[in-house]
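Q: I have a model of a protein open on my screen. Please show me how to read its features one at a time.

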Amino acid sequence: MSNNEIAFFIGLFGSVHCVGMCGPLALAVPSFQNRWWLIVFDKLLYNIGRIITYSFLGLLIGLIGKQLWLSGLQQGVSIVSGLLIILAGFSRIFKIQFPGSKLLLPVNRLLNYALRHKAGHLVVGLLNGFLPCGFVYLALVGAINTTSPIAASAYMFWFGIGTFPLMLLAMVSSGFISPAIRRHINKGMPYLMVCLGLWFMLRGMGLNIPYLSPQNQTSGTSICN
């Protein structure tokens, strides 16, 4: 399975969580259109805004990842990334709060300003992409393990595409997923994070296990300038 396929399926699964977490915000953005297809177009713009932000974040994280790959640290990065995902999963399971949420206050203020001044769906979607979300963090950790900024951006793009269908359907139908189903999904998300974290760690160990822990491709090779 390619990196982009992994990102797509993470987004597809995470979209149920996104409907519960970001759905109320998305539904709160008013549409001033009176034709159904224009209303749907507004919702499309909102989701396109999210995907643009995800792709931009992927590009930024990819610049870091590229330097790590050039330094030959990609295996270690995969192990550390997996460990961070596992810790994030355990923090959700045991309800441990980590500091740092205040760093996102400027984004929250901009988002509130945009809503008060009736900004378009595209602007609100762009800002919403910066809000904290466990699955977005999970995708970004996967993006940093890609080989280039473009690959990282593509990884986040496909993650966004994975979240697209269900989010759009939920927005158009005013949130058809019941709160009970969302609660079950949210409870299961930390355990998925732990499993994915273990997979990232195994992948970084290069145990020569097909698909699960492939051997380090850079071993025994040299880079010529």
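Q: Is V136 buried or partly exposed?
A: Burial is judged by relative accessible area: under 20% is buried, over 50% is exposed, and anything in between is partly exposed, with a 1.4 Å probe and protein chains only as cover. V136 has 3% relative accessibility, so V136 counts as buried. This is a predicted model, in which local features need pLDDT of at least 70, side-chain atom pairs count only at pLDDT 80 or more, and totals for chains, interfaces and linings use all residues. Residues are numbered from 1 along each chain as its sequence is written, and side-chain values use heavy atoms, with hydrogens and water left out.

Q: Which helix holds V136?
A: Helices (H or I, at least four residues) and strands (E, at least two) are DSSP runs, numbered from the N terminus. V136 lies in helix α7, which covers residues 134-144. Of the 11 residues in α7, 10 are buried. Among them are G134, F135, L138 and I144.

Q: What is V136 in contact with, beyond its neighbours within four places in sequence?
A: Contact means heavy atoms within 4.5 Å. With those neighbours left aside, V136 is in contact with Y54, M156 and F159. A separate way to look at position is the C-alpha distance: V136 and G11 are 125 residues apart along the chain, and their C-alpha atoms are separated by 8.3 Å.

Q: How many helices and strands does the chain have?
A: The chain has nine helices and zero strands. Read from the N terminus, the order is α-α-α-α-α-α-α-α-α. As a general point, an α-helix has 3.6 residues a turn, so residues three or four places apart point the same way.

Q: What share of the contacts joins residues 24 or more positions apart?
A: Taking contacts with a separation of 6 or more, 79% are between residues 24 or more positions apart. For the chain of 225 residues, 41% are buried. Its accessible surface, by the Shrake-Rupley method with a 1.4 Å probe, comes to about 12600 Å², and carbon and sulfur atoms account for 70% of that.

Q: What does the side chain of T163 reach?
A: A polar contact is a pair of N or O atoms within 3.5 Å; within protein, one must be able to donate a hydrogen and the other to accept it, and residues adjacent in sequence count only if both atoms are side-chain atoms. The side chain of T163 reaches the backbone oxygen of G160 at 2.7 Å. T163 is in helix α8 (residues 149-172) and counts as buried because its relative accessibility is 1%. The C-alpha atoms of T163 and F9 are 8.8 Å apart, although 154 residues separate the two along the chain.

Q: Where does the side chain of T53 reach?
A: It reaches the backbone oxygen of L126, at 2.6 Å. T53 is in helix α3 (residues 36-70), and its relative accessible area of 3% is why T53 is called buried. Its contacts, leaving aside neighbours within four places, are G125, L126, G129 and F130.

Q: Why does A151 get another label?
A: A151 has 26% relative accessibility, so A151 counts as partly exposed. A151 is found in helix α8. Its C-alpha atom is 8.8 Å from that of N3, 148 residues away along the chain.

Q: How many cavities of 30 Å³ or more are there?
A: On a 1 Å grid over the protein atoms alone, a cavity is a set of points where a 1.4 Å probe fits but cannot get out, and lining residues have an atom within 4 Å of a point. Points are joined across faces, edges and corners, and the volume is the space filled by probe spheres set on them. The count is one cavity of 30 Å³ or more. The largest cavity holds about 40 Å³ of space. Its lining includes N3, I6, Y155 and W199. Helix α9 gives the most to this lining, with three residues.

Definitions and conventions. On a 1 Å grid over the protein atoms alone, a cavity is a set of points where a 1.4 Å probe fits but cannot get out, and a pocket is an open set with protein on both sides within 12 Å along at least five of seven lines; lining residues have an atom within 4 Å of a point.
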